[in-house]
Amino acid sequence: MRGLPRAVRSALDKAHDSALLAVEVYNKPAVKFKSGGYIALMVIAWTALFHAIFFKKKRKPFYKKPSGRYVKTGGDYRYWELDECLRQYYGSDTMNAVRKNLEFFIPLRNKIEHRSMPELDANIFGECQAMLLNFDEMLEKEFGSKHCLRESLSFSLQMFPSAEGLIDAVTRNPAAKPIADFIQRYRSTVSPETLASGKYSFKAFLIQVTNHPGSSAPSIQFLHYDKLTEEQKKQARSYFKTL
C-alpha cells in the first residue's frame, strides 16, 4: 500500500484484517453462532474502511463539539461510528441498498452482542454475504482493484443447506423472538426495490451443471441478477417458479 498517507494506510490495514477475520470466523466448522462474530468484525471493517476513505479525501472522521473543536475521550480523538460514517458518506441518499444493508447490522450487532443464537444464521445469510461483497466493491471503487479481498477469498462465506425461517428459529429457541421481531420489522421498512437488490441481500440458486472434460471454465460462476437484461430476468423468474 505504498503511496498512501499513514492514516489512510493504517485504517485500510485494519479494514482488511477485520474483514478477513470475519470470514475466517464464519467459515470455521466448530463455530456454532457464525453470524455473531462475523457481524461484529464486519462492522469494525466497514467503519475502518470509511475512515480510510475520509482520510484519503482530507476529511477527519472525528466528532466535533458545537464550538468546532474535536471531541476527545481519554486524550484521543473520538472517531465517527458506522452510523455517522453512513450519514457523512451517503448524505441524503437514504434508500441506497448498501446503506440499508449496513443500517440493518448496526442495531442487530447490539442486540446479539451478548447472545448465542445460531438459529438466526440461515435466515440472515443473504444480508451477511451482501455485506462482504459490498465491502469488496467499495474497496475497489475507492482504492482500486489491487486492494480488493477477492484475491484472498475463494468463495467468501461458506453456504449451508437450510430452509429454516424465522418462525422455525423462534420455535427452536424462544429467546430469539425479540431478534426475529426486529429482523421482520426492519425488512418491512425496506422498499421492494431495495429488498430485491443483491446489494441489500445476496440470494443465489446453486445449480449443478454437467462436467465438460478438458474445460478450463471455473467451477463456480456468478451471474448477477442486477446486471441481467429485462428479458434475462424474465426468463430467470420463469425458471425459478418451476423449482
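Modeller: A residue counts as buried when its relative accessible area is under 20%. The model discussed here is a predicted one.

Colleague: What makes H5 mostly covered?

Modeller: Helix H5 spans residues 125–143. Of its 19 residues, 15 are buried, each of these having a relative accessible area under 20%.

Colleague: How do you know what length is expected of H5, and what does the helix reach?

Modeller: The expected span is 1.5 Å times one less than the number of residues. For the 19 residues of H5 the expected value is 27 Å, and the helix reaches 27 Å from its first C-alpha to its last. The reach is therefore close to the expected span. After H5 comes Gly-144, with a positive phi near 95 degrees.

Colleague: Why are H4 and H7 called roughly antiparallel?

Modeller: The term applies to angles over 145 degrees. Helix H4 (residues 97–112) and helix H7 (residues 177–189) pack at about 165 degrees, their axes lying 11 Å apart. The pair is therefore roughly antiparallel. H4 passes H7 in a right-handed crossing.

Colleague: Which residues make the contact between H4 and H7, and how do they divide?

Modeller: H4 contributes Lys-100, Glu-103, Phe-104, Pro-107, Leu-108, Lys-111 and Ile-112, while H7 contributes Ile-179, Phe-182, Ile-183 and Tyr-186. Eight of the contact residues are nonpolar, none is polar and three are charged. Lys and Glu count as charged, and the H4 side includes Lys-100, Glu-103 and Lys-111.

Colleague: What makes up the contact of H2 with H4?

Modeller: Ser-35, Gly-36, Ile-39, Ala-40, Val-43, Trp-46 and Phe-50 of H2 meet Val-98, Leu-102, Phe-105, Leu-108, Arg-109 and Ile-112 of H4. These residues divide into ten nonpolar, two polar and one charged. Gly counts as polar, and Gly-36 is among the H2 residues.

Colleague: Why is Lys-58 called exposed?

Modeller: Exposed means a relative accessible area over 50%. Lys-58 has 71% and is therefore exposed. Lys-58 lies in the loop between H2 and strand S1 (72–73), and has a positive phi of about 65 degrees although it is not a glycine.

Conventions: Residues numbered from 1 in each chain as written. Predicted model: local features only at pLDDT ≥ 70, side-chain atom pairs only at ≥ 80, totals over all residues. Heavy atoms only, no water. Axes fitted to C-alpha atoms, helices over the stretch in contact; angles between N-to-C directions. Helix = DSSP H or I, 4+ residues; strand = E, 2+ residues; numbered from the N terminus. Parallel < 35°, antiparallel > 145°, perpendicular 65-115°, else oblique. Left-handed = near helix turned anticlockwise from the far one by under 90°. Contact = heavy atoms within 4.5 Å. Buried < 20%, exposed > 50% of the residue type's maximum accessible area, 1.4 Å probe, protein only.
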